[in-house]
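Subject: Structure handover

Hello,

Here is the structure for you to take over. Please open it first, then read the notes below.

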Amino acid sequence: MAYLTLKNINKIYPNGFHAVHDFNLDMEKGEFIVFVGPSGCGKSTTLRMIAGLEDISNGEFLIDGKRANEMGPRQRGVAMVFQSYALYPQMTVYDNIAFGLELQGADEDYIDEKVRNTARILGLTDYLDRLPRALSGGQRQRVAIGRALIRKVGIFLMDEPLSNLDAKQRVTMRSEITQIHRETGATTIYVTHDQTEAMTMADRIVVMKDGYVQQVGTPRELYFDPANVFVAGFIGEPPMNFVRGKVQGGKLDVGGVQVDLSHKLKDKLAQYEGREIVFGFRPEAIRLGSHEDAYVLSADVELTEMLGDNTNVYIVMQDLHAILKVDPHDTPEIDSKLSFSIPYESVYLFDGETEKVIK
Ligand code: ATP
């Protein structure tokens, strides 16, 4: 039996806005799940329904097999870390972390042991006597996490906890949170709009758009097996390149080249004749030059971005613009012609109407 179960969860706000549609998820104990999607897709709303901060309009939420829809936040055993860490400015790090246990009336020795242990996990031992204003953003966020962690709860919820940090701090905190999760084994749901955070931290990711779950899967599944155009374009950086067009004579126009779709569509070729299709390939999936078992194309180089470990090459073929990722030693000249191959196995085809992947 799953530890947390969300069955056809819906949220309709009092103004009638339907923010979450039929959200389904089974979560195991100790799992690290990330909800990811663009702003307004319903991530925070879903998290707040799990926390008990927002009513569930429809559907059932179970904790350890028990219906939890009507339970208050405390009864559910959840701790939550928000984007704004809201520490008590006049209290030391020690007191900030201890506060929750003190409120519960725990005895002093117990609190002391817990605070020191939590501080050790979070690397805050040397800062226990400081006030929040004497800490960096990353350290403050760690205190906020410590404050949530110290209470023994079954479910740990985080809503964009890193969005107030700079890029470098975010990378550090990302791996620290993963480490803390490994040490504590707390069942965690983490909300972000950043696909890199989702890919690097999650056991499984829930991709959302416009209140609907698009796909649930491991980072690997989402990258290699995207269910639709949205997930394919959302996961991966730079994003997947897409070419939309009609299948004519079993072929698709890709920047002026008629590519033969029989390699990919096989027995579905006739079914798609005359219909719209989306042809997708990842910037990093191409090989320079011409190769076997691949679509061989030629393009004009518009711009290059040398990033150190790779170069992004912006190409144009008639009206098709795309990005290719190449080894920095292979960086082409701007305005030169570039020949490249997309292995058949690296091409994704999606139904032009439903935008679902064609298998
Ligand atoms: P963000 O990353 O911007 O926080 P999100 O994916 O977390 O976005 P939510 O905050 O869950 O999105 O909001 C989902 C949708 O519900 C949005 O369109 C939002 O405007 C709407 N919404 C949120 N709160 C309310 C409310 N109290 N009443 C009506 N609509 C709301």
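How far is an oxygen atom of the ligand from an N or O atom in the side chain of Lys-43? The separation is 3.0 Å. Bear in mind that this is a predicted model.

**The ligand**

Two other contacts belong beside that one. In Ser-44, a side-chain N or O atom sits 2.7 Å from an oxygen atom of the ligand. Cys-41 uses its backbone instead: a polar atom there is 3.0 Å from a ligand oxygen. On its own, the ligand has 640 Å² of accessible area, and the protein covers 62% of it.

The shell around the ligand counts 13 residues. The nearest are Ser-39, Gly-40, Gly-42, Ser-44 and Thr-45. Sorted by class, 6 residues of the shell are polar, 5 are nonpolar and 2 are charged. Helix α1, residues 43-51, gives the largest share, with 3 residues.

Domain 1 puts 8 residues into the contact, and domain 2 puts in 6.

How much area is buried between domain 1 and domain 2? The figure is about 630 Å². Carbon and sulfur atoms give 62% of that area. On the domain 1 side, three residues stand out: Tyr-223, Val-229 and Ala-232 supply 70% of what domain 1 buries against domain 2.

**Two backbone points**

Most peptide bonds are trans, and most residues other than glycine have a negative phi. Two places here are worth a look with that in mind.

Pro-238 lies in the loop between α9 (229-234) and β11 (241-246).

The other is Asp-22. Its phi is positive, about 40°, although Asp-22 is not a glycine. Where is Asp-22? This residue lies in strand β2, which runs over residues 18-27.

Best wishes

Definitions and conventions
Residues are numbered from 1 along each chain as its sequence is written. This is a predicted model: local features need pLDDT of at least 70, side-chain atom pairs count only at pLDDT 80 or more; totals for chains, interfaces and linings use all residues. Side-chain values use heavy atoms; hydrogens and water are left out. A residue is near a molecule or strand if one of its heavy atoms lies within 4 Å of it. A polar contact is a pair of N or O atoms within 3.5 Å; within protein, one must be able to donate a hydrogen and the other to accept it, and residues adjacent in sequence count only if both atoms are side-chain atoms. Accessible areas come from the Shrake-Rupley method with a 1.4 Å probe; for residues, only the protein chains shown count as cover. Helices (H or I, at least four residues) and strands (E, at least two) are DSSP runs, numbered from the N terminus. Ala, Val, Leu, Ile, Met, Phe, Trp, Tyr, Cys and Pro count as nonpolar, Asp, Glu, Lys and Arg as charged, and the others, Gly among them, as polar. Contact means heavy atoms within 4.5 Å. Buried area is the accessible area (1.4 Å probe) that two parts lose on being put together, summed over both.
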